[in-house]
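Subject: Structure for your set

Hello,

Here is the structure I said I would pass on. My notes on what was found in it follow below.

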Amino acid sequence: MQEALEALSACTQACIMCADADAGEGMGRCAGLCANCADVCDTMMRMMLRMNGMDMKVMMSMMQTTIVMCRACSAECMMHAEMSEHCRMCAMACDQAVMAMEKMMGAMSEAMPMA
């Protein structure tokens, strides 16, 4: 779980920085996706830290949502990566978050299979 939390935290920070920079550069779609991705990653982290109220189906659904959001943000940022260092860094952080979420989902599925 620590690896996933660290990847989500890094992704949140990279997305916020990218969204702020994009807004100043007139890249509205990228800024919006980055801001949304930061919000989703932050929410995922908070859910992971509240184990008492965890529902396995809800947690897996949120993890899948986080993966989809990070992939969308990464794809958008990769379109600007050659001309924008913050977009390149954001895409990399999103990709790392996806890998960490997929790894955690696999471990959770093995440890606690859903009925």
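Contact here means heavy atoms within 4.5 Å. With that cut-off, and leaving aside neighbours within four places in sequence, Cys-11 is in contact with Cys-37, Cys-41, Cys-70, Ala-93, Cys-94 and Ala-97. Please keep in mind that this is a predicted model, and the values below are computed from it.

Cysteines

Cys-11 is found in helix α1. Cys-11 counts as buried because its relative accessibility is 0%, the cut-off being under 20%. The C-alpha atoms of Cys-11 and Asp-95 are separated by 8.7 Å, although these residues are 84 apart along the chain.

A disulfide would need a pair of cysteine sulfur atoms within 2.5 Å. For Cys-11 the closest cysteine sulfur belongs to Cys-94 and lies 3.6 Å away, which is too far for a bond.

Helices α1 and α2

Helix α1 covers residues 2-24. Its 23 residues reach 34 Å from first C-alpha to last, close to the 33 Å expected at 1.5 Å a residue. The buried residues of α1 include Ala-4, Leu-5, Leu-8, Cys-15, Cys-18 and Asp-22. Just after α1, Gly-26 takes a positive phi of about 75°.

Helix α2 spans residues 28-49, which is 22 residues. At 1.5 Å a residue it should span 32 Å, and its end C-alpha atoms are 32 Å apart, so the two values agree. Among the buried residues of α2 are Cys-30, Leu-33, Cys-37, Val-40, Met-44 and Met-48.

Two packed helices are described by the angle between their axes and the distance between the axes. The axes of α1 and α2 come within 8 Å and cross at roughly 155°. Angles over 145 degrees count as roughly antiparallel, and α1 and α2 are therefore roughly antiparallel to each other. Their crossing is left-handed. On the α1 side the contacts include Ala-4, Leu-8, Cys-11, Cys-15 and Asp-22; on the α2 side they include Cys-30, Cys-34, Cys-41, Met-45 and Leu-49.

Helices α2 and α3

Helix α3 runs over residues 56-78. α2 and α3 pack at an angle of about 155°, with their axes 9 Å apart. They are therefore roughly antiparallel to each other, and this crossing is left-handed. Residues of α2 that meet α3 include Arg-29, Leu-33, Val-40, Thr-43 and Met-47. The residues they meet in α3 include Val-58, Met-62, Thr-66, Met-69 and Cys-73.

Is Met-62 buried or exposed? Met-62 is buried, because its relative accessible area is 16%. Not counting residues up to four places away in sequence, Met-62 touches Val-40, Thr-43, Met-44 and Met-47.

Regards

Note on methods. Residues numbered from 1 in each chain as written. Predicted model: local features only at pLDDT ≥ 70, side-chain atom pairs only at ≥ 80, totals over all residues. Heavy atoms only, no water. Helix = DSSP H or I, 4+ residues; strand = E, 2+ residues; numbered from the N terminus. Expected span 1.5 Å × (residues − 1). Buried < 20%, exposed > 50% of the residue type's maximum accessible area, 1.4 Å probe, protein only. Axes fitted to C-alpha atoms, helices over the stretch in contact; angles between N-to-C directions. Parallel < 35°, antiparallel > 145°, perpendicular 65-115°, else oblique. Left-handed = near helix turned anticlockwise from the far one by under 90°.
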